[in-house]
Amino acid sequence: MVRPTSVKDVDQHEIVTQIAGFLKKSGKVKVPDWADVVKLGKNKELAPNDPDWYYTRAASIARRLYIRSPTGIGSLKKVYGGNIRRGVTPNRFVKASGAVIRKALQTLESLKWVEKVPEGNGRRLTKQGRKDLDRIASQLRKSTRIE
């Protein structure tokens, strides 16, 4: 009996790349106007170099919600945060930008992939989102088997 493929069965970097490609190709995801100038956190000096970074961040958040759900914006800020360099003073951990994460979650909500949890805080994947992510994972698994 063949077990269905899930997001957990494939390489995380490859699945995020595939989901980001799917989001870009679908045309339903609108990148915010401020995407070319925004910093992703206090620890960053510049905006991201990759012009498609927004699709990658939304895909990464979707994968994160698949793995661990429900998840709120605060915990995602911790996940995407990093160390800030303070010169001679020791480095210190800072959280990522919440506006970017919030906008990405709202984008995934407009696709009907994510919904707010009625009891408590946070968001989780819908059945439609889980089904689409599993479909992308199974396509990725088939393509890597053939090669």
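## Helix H2

In this predicted model, helix H2 covers residues 53–67. At 1.5 Å a residue, its 15 residues should span 21 Å. The end C-alpha atoms are 21 Å apart, which agrees.

H2 is mostly covered, with twelve of its 15 residues buried. Among them are Trp53, Tyr54, Arg57, Ile61, Leu65 and Tyr66.

## Aromatic pairs

The count of aromatic pairs comes to two. Phe22 and Trp113 are stacked, at 6.0 Å centre to centre and 10° between the planes. Phe22 lies in helix H1 (residues 12–26), and Trp113 in the loop between helix H4 (98–110) and S3, so the pair ties together parts that are 91 residues apart in sequence. Phe22 counts as partly exposed, at 26% relative accessibility. Trp113 is buried, at 2%.

Trp53 and Tyr54 form an edge-to-face pair: 5.8 Å between centres, 85° between planes. Both of these residues are buried.

## Arginines over rings

Arg57 lies over the face of Tyr80, 4.2 Å from the ring centre. Arg130 lies over the face of Tyr66, at 4.5 Å from the ring centre.

## Loops around strand S4

Thr126 sits in the loop between strand S4 (123–125) and helix H5 (127–146). Its relative accessible area is 13%, under the 20% cut-off, so Thr126 is buried. Leaving aside residues up to four places away in sequence, Thr126 touches Lys112, Trp113, Val114 and Glu115.

Gly120 belongs to the loop between strand S3 (114–116) and S4. Gly120 is partly exposed, with a relative accessible area of 48%. Gly120 and Gly41 are 79 residues apart in sequence; C-alpha to C-alpha, they are 26 Å apart.

Key: Residues numbered from 1 in each chain as written. Predicted model: local features only at pLDDT ≥ 70, side-chain atom pairs only at ≥ 80, totals over all residues. Heavy atoms only, no water. Helix = DSSP H or I, 4+ residues; strand = E, 2+ residues; numbered from the N terminus. Buried < 20%, exposed > 50% of the residue type's maximum accessible area, 1.4 Å probe, protein only. Contact = heavy atoms within 4.5 Å. Expected span 1.5 Å × (residues − 1). Phe/Tyr/Trp six-rings, centres within 6.5 Å; stacked < 30°, edge-to-face > 60°. Lys NZ or Arg CZ within 6 Å of the ring centre and 35° of its normal.
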